[in-house]
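Please look through the sequence and the structure shown here before reading on.

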Amino acid sequence: MEKVGVISRIAGPLVEAEGLTGVKMYEVCRVGNEELIGEVIRVIGDKAYIQVYEETSGIKPGEKVIATGSPLSVELGPGLIGQIFDGIQRPLPKIKEETGDFIRRGVKTEALPRDKKWHFKPQIKPGEKVVEGDIIGEVPETTLVTHKVMVPIGISGELTWIAPEGEYAVEEVIAKVKTPLGEEKEITMLQRWPVRRARPIKNKLPTEVPLITGQRIIDTLFPQAKGGTAAIPGGFGTGKTVMLHQLAKWADTDIIVYIGCGERGNEMTEVLEDFPKLKDPRTGEPLMNRTILIANTSNMPVAAREASIYTGITLAEYYRDMGYDVALMADSTSRWAEALREISGRLEEMPGEEGYPAYLASRLAEFYERAGRAETIGSKPRIGSVTVCGAVSPPGGDFSEPVTVNTLRIVKVFWALDKDLASRRHFPAINWLTSYSLYLENLEEWYKKHIAEDWIELRRTAMWLLQREEELREIVQLVGPDALPESERVILEAARMIREDYLQQSALHPIDTYCPLDKAYRMLKMIIRFYERAKEVIDRGVPMEKVMSLPVRERIARLKIVPLDQVNEVFSKVEEQLEKEFDELLQLVPA
């Protein structure tokens with residue numbers, strides 16, 4: 001039931017209203033004569049503090065506030081895929097039609113189109129028992145996504161009627177269920193769910209399957225698991241956004257939810273322009289046919305940043321419940337934390353470190369803990385996952401600031417972007433000495449089974465070479481590489497090949513932008529083989545200059561741009577050339 005109060009005070013996006021006795025926390029309110037959307041974030045007596053998700057300039061004390069009685073919720077149903085929403089799930093293309101290039105305040109619009117008909121195909125028959133989460137029908141939402149229409153949470157009983165196969169709008173009744181208490185509940189394709197409440201699951205499963213991203217440094221050295229959590233912290237210009245774009249484009253998930261949270265408008269524009277043109281690498285279909293975009297740029301109301309994160313994760317959970325693997329990209333959680341800090345300051349709460357609220361860590365944990373690989377609810381459980389990758393933008397690249405520190409306590413994968421690497425034009429600028437993945441042990445079996453028995457050993461050797469190079473670098477800077485013994489110069493050359501020929505990857509190159517695991521494995525194996533043969537010939541007395549002049553070095557460097565359909569042929573020839581050239585070097589050694 002709606003309650004009406006009046007505005008008593010306005011402080012930026014925070015509005016204080018009186019006369020709202022009985023109003024609940026996180027209840028949605030319509031504020032002022034223009035009925036701006038807001039959410040109750042504190043209640044004292046009959047006074048409510050409302051976080052308004054739109055620009056508040058021009059509203060005055062004395063104007064009315066209507067409490068709707070329901071929490072901030074998203075609409076769930078067919079029509080979400082391929083859509084571009086703002087932070088509170090208003091479709092931006094539809095708003096543009098109504099208001100032009102600028103969003104008018106107080107604009108009301110449904111997230112899902114009410115007039116569009118969807119082809120519904122029933123999957124069960126009347127008389128069957130159903131429980132919450134059961135699939136009762138399917139809708140081809142896009143060419144890549146079949147939408148599973150599920151029994152809403154809170155409803156179970158006997159299916160008394162289901163609509164025949166045909167065209168239906170989201171608000172039309174497609175099934176009726178008689179509950180154990182004798183009530184008849186009508187089911188439509190449209191459901192609503194409060195964004196701050198995690199959707200229920202049956203069981204959380206171990207993270208044993210990797211999320212293949214096509215980025216060699218991630219898939220080889222610091223893998224992410226399906227249902228895992230990752231943070232990408234880095235200063236300005238280190239490539240956080242491009243990294244997230246790459247993950248969104250190439251990760252082997254069924255659905256992508258990309259949240260542009262407080263980022264610059266030109267970066268979000270790039271996403272909006274690029275994604276419709278991109279082709280899905282697995283199917284050749286447009287990538288937008290499995291993508292949801294949430295745009296809340298830095299010039300949009302700051303409070304809506306906070307909602308955008310919850311909106312995105314709720315949509316991701318909904319598709320997980322259908323049995324899909326979903327990847328959520330949040331760019332960036334630092335801007336979200338800044339919104340928390342601003343609202344906390346206006347509430348006059350006691351500030352924590354660097355002005356952030358004391359509950360920053362718990363809010364971050366609440367968000368990241370909604371990730372996971374899970375067995376869904378329903379009489380026939382499915383397995384789905386939500387993988388969360390969040391960018392963090394520490395001021396000045398300082399990883400000791402509160403958002404980065406609190407994020408690292410929660411996430412299991414840390415891809416540390418390095419300013420020095422970025423300035424040397426080494427991209428992705430992930431520092432292999434400070435990054436880590438806590439999923440390595442869980443994923444070892446998968447890599448052994450699906451890629452190669454020696455995959456883990458190759459990875460260990462590569463990491464050892466990179467770490468040894470760092471130890472030798474100080475000596476090299478003092479006395480130069482020529483002063484080192486030949487055995488250590490081989491290590492430096494092998495580490496250079498791993499860095500430049502393997503880890504460095506161009507997001508803009510049509511072939512190198514995506515590297516499948518089998519190609520990555522053969523590339524790394526070739527470099528490690530080069531190192532082993534070089535060590536062998538140097539131990540036999542061949543000078544390092546001879547090794548450095550081998551033509552195969554140049555061919556190994558060019559393996560990354562070999563088209564996928566030529567990999568077997570080209571790699572076999574290079575492998576033969578490598579062995580032949582080293583055998584010829586050995587023949588020069590006197591017996």
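Does R90 count as buried or exposed? With a relative accessibility of 6%, R90 counts as buried, where buried means under 20% relative accessible area, exposed means over 50%, and partly exposed lies in between (1.4 Å probe, protein chains only).

## Basis of the model

This is a predicted model, in which local features need pLDDT of at least 70 and side-chain atom pairs count only at pLDDT 80 or more, while totals for chains, interfaces and linings use all residues. Residues are numbered from 1 along each chain as its sequence is written, and side-chain values use heavy atoms, with hydrogens and water left out.

## Salt bridges

Side chains of opposite charge can pair when their charged atoms come close. The structure holds 50 salt bridges, each defined as a side-chain nitrogen of Lys or Arg within 4 Å of a carboxyl oxygen of Asp or Glu. One of them joins R90 to D86, with 2.8 Å between the closest N and O atoms, and D86 is buried, at a relative accessible area of 4%. Another salt bridge links R363 with E306, whose closest N and O atoms are 3.2 Å apart. Because R363 lies in helix α7 (residues 360-368) and E306 in helix α5 (residues 303-321), this pair ties together parts that are 57 residues apart in sequence; helices (H or I, at least four residues) and strands (E, at least two) are DSSP runs, numbered from the N terminus. Both R363 and E306 are buried.

The side chains of E457 and R460 also meet in a salt bridge, at 3.4 Å from N to O. These two residues both lie in helix α11, three residues apart, which is about one turn of the helix. E457 counts as partly exposed at 46% relative accessibility, and R460 counts as partly exposed at 44%. Elsewhere, salt bridges that share partners join E469, E470, R473, E493, R496, R499, E500 and R553 into one network.

## Paired strands

Strand β2 (residues 14-18) is mostly covered, as four of its five residues are buried. Strand β1 (residues 3-11) runs antiparallel to β2 and is joined to it by five bridges, where two strands pair if DSSP finds at least two bridges between them. Within this pairing, I10 stands opposite V15 in β2. The hairpin of β1 and β2 has two residues between the strands, and G12 there takes a positive phi near 60°. Strand β2 is also joined to strand β5 (residues 47-52), again in the antiparallel sense, by four bridges, and the bridge partner of V15 in β5 is I50.

P122 has G137 as its bridge partner in β11. Strand β11 also pairs with strand β12 (residues 146-150) in the antiparallel sense, over five bridges, and V139 stands opposite H147 in β12. Five residues lie between β11 and β12 in the hairpin that they form.

## Buried positions and contacts

Q89 lies in the loop between β8 (84-85) and α1 (92-99) and is buried, with a relative accessible area of 4%. A polar atom of the Q89 side chain lies 2.8 Å from the backbone nitrogen of E75. In helix α16 (residues 567-587) is V567, which counts as buried at 8% relative accessibility. Although V567 and K519 are 48 residues apart along the chain, their C-alpha atoms are separated by 7.2 Å.

## Cysteines

A search of the whole structure finds zero disulfides, a disulfide being a pair of cysteine sulfur atoms within 2.5 Å. For C389, the closest cysteine sulfur is that of C261, and because it is 15 Å away, it is too far for a bond. C389 is buried, with a relative accessible area of 1%, and C29 counts as buried at 0% relative accessibility.

## A nonpolar surface patch

Which residues form a nonpolar patch on the surface? The patch consists of I475, L478 and V479, which together have about 320 Å² of accessible area. Patches are made of residues with over 30% relative accessible area and no salt bridge, with like charges joined within 9 Å and nonpolar side chains (Val, Leu, Ile, Met, Phe, Trp, Tyr) within 5 Å; the areas come from the Shrake-Rupley method with a 1.4 Å probe, and for residues only the protein chains shown count as cover. L478 has its place in helix α11 (residues 455-479) and counts as exposed, at 75% relative accessibility.

Note on methods:
Polar contact = N/O pair within 3.5 Å; in protein donor to acceptor, adjacent residues only side chain to side chain.
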